[in-house]
Amino acid sequence: MSETVSQAGAQPSREAEITAALGSRSIVLVGMMGAGKSSIGRRLAVRLGLPFLDADTEIEAAAGMSIPDIFETHGEPDFRDGEARVIARLLDGGASVLATGGGALLRRETRDRISLKAISIWLKADVDTIMRRVRRRADRPLLRTADPAATVERLIGEREPFYQAADLTIWSREVPHEKIVDECVDALHARLCRGAAIAPASDTLDAT
């Protein structure tokens, strides 16, 4: 009896199985601004016992200025150059959960590096959800337009072909953050750990 209990207790958790299967690869969260990449990423990192990294925060630290100031002073092309360099450095640093900026996948070298060194999760959000989350913030340079909602819709149209290439897709919507994290863990376990069962599919979870 005690031997059986001991053996059962020795079984690794799903989180431990995921991190073992990842090895030195990272989990990279991609998607639009306001999709929840940072808030979900922090919680997912805690669940998996991995470091959490935010590419935008690292870019600001490397440049010594805020992202709005980088856009204003140097322009978007220079920002994208720095973004690609920072993401490459972070991915070379070992396993982590990495939240990227909404336009990070516009660079081919960044897409290729993520494909090589990470498992990517697209946090997919619709225009209404994004606008509810970002309208109170003034640190979104690309939304300094006459019609921010139309800008978001345009950006989604331009970027979705790149987001769709992510390894996994999770719908980000107005539910408790832990529910989204649970769905990320389910999808990662199903993807990385052969034979793992995933909860019945619904319109809120799409593992591609």
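Let's start on the inside: the largest cavity here has a volume of about 40 Å³. Keep in mind as you look around that this is a predicted model. A search of the whole structure turns up one cavity of 30 Å³ or more. Around the largest cavity you'll find Met-32, Trp-122, Leu-123, Lys-124, Ala-125, Ile-130, Ile-156, Glu-160 and Tyr-163. Two elements, β4 (118–124) and α9 (148–163), each give two or more residues to that lining. Sorted by class, the lining has seven nonpolar residues, no polar ones and two charged ones. As for how a space like this is found in the first place, rolling a probe the size of a water molecule over the atoms shows where empty space is left.

Now step back and take in the whole chain. The protein has 208 residues, and 44% of them count as buried. Its secondary structure comes to 10 helices and six strands. How much of the contact count comes from residues 24 or more positions apart? Taking the contacts with a separation of 6 or more, such pairs account for 74%.

Which of the elements gives the most? That is α6, with six residues. If you want to click through the lining, pick out Ile-59, Ala-62, Ala-63, Met-65, Ile-70, His-74, Asp-78, Phe-79, Gly-82, Glu-83, Arg-85 and Val-86. By class, this lining has seven nonpolar, two polar and three charged residues.

On to the charges. Side chains of opposite charge can pair when their charged atoms come close. In this model the count comes to 18 salt bridges. One of them joins the side chains of Arg-132 and Glu-174, at 3.9 Å from N to O. Arg-132 sits in helix α8 (residues 127–134) and Glu-174 in the loop between β5 (168–171) and α10 (177–192), so the pair ties together parts that are 42 residues apart in sequence. The Arg-132 end is partly exposed, because its relative accessibility is 38%, between the cut-offs of 20% and 50%.

Arg-173 forms a salt bridge with Glu-183, and their closest N and O atoms are 2.9 Å apart. Here Glu-183 belongs to helix α10 and Arg-173 to the loop between β5 and α10, with 10 residues from one to the other. Are these two residues buried or exposed? Both Glu-183 and Arg-173 are buried.

Another pair is Arg-107 and Glu-109, whose side chains meet in a salt bridge at 3.5 Å, N to O. Arg-107 is partly exposed at 22% relative accessible area, and Glu-109 is partly exposed at 43%. Salt bridges also join up into a network, which links Glu-15, Arg-43, Arg-47, Glu-178 and Asp-182.

Met-131 is in helix α8, and it counts as buried because its relative accessibility is 10%, where the cut-off for buried is under 20%. Leaving aside neighbours within four places in sequence, Met-131 is in contact with Pro-148, Ala-149 and Val-152. Its C-alpha atom is 9.9 Å from that of Ala-35, a residue 96 positions away along the chain.

Ser-96 lies in the loop between α6 and β3 (97–99). Its relative accessible area is 3%, so Ser-96 is buried. What does Ser-96 contact, once neighbours within four places in sequence are left aside? The residues are Arg-25, Ser-26, Ile-27, Leu-50, Pro-51 and Leu-53.

The last stop is Trp-171, in strand β5. At 27% relative accessibility, Trp-171 counts as partly exposed. Between Trp-171 and Asp-126 there are 8.9 Å in space, C-alpha to C-alpha, while in sequence the two are 45 residues apart.

Key:
Residues numbered from 1 in each chain as written. Predicted model: local features only at pLDDT ≥ 70, side-chain atom pairs only at ≥ 80, totals over all residues. Heavy atoms only, no water. Helix = DSSP H or I, 4+ residues; strand = E, 2+ residues; numbered from the N terminus. Buried < 20%, exposed > 50% of the residue type's maximum accessible area, 1.4 Å probe, protein only. Contact = heavy atoms within 4.5 Å. Salt bridge = Lys/Arg side-chain N within 4 Å of Asp/Glu carboxyl O. 1 Å grid on protein atoms, 1.4 Å probe; cavity = no way out; pocket = protein on both sides within 12 Å on 5 of 7 lines; lining within 4 Å. Points joined across faces, edges and corners; volume = space filled by probe spheres on them. Nonpolar A, V, L, I, M, F, W, Y, C, P; charged D, E, K, R; others polar.
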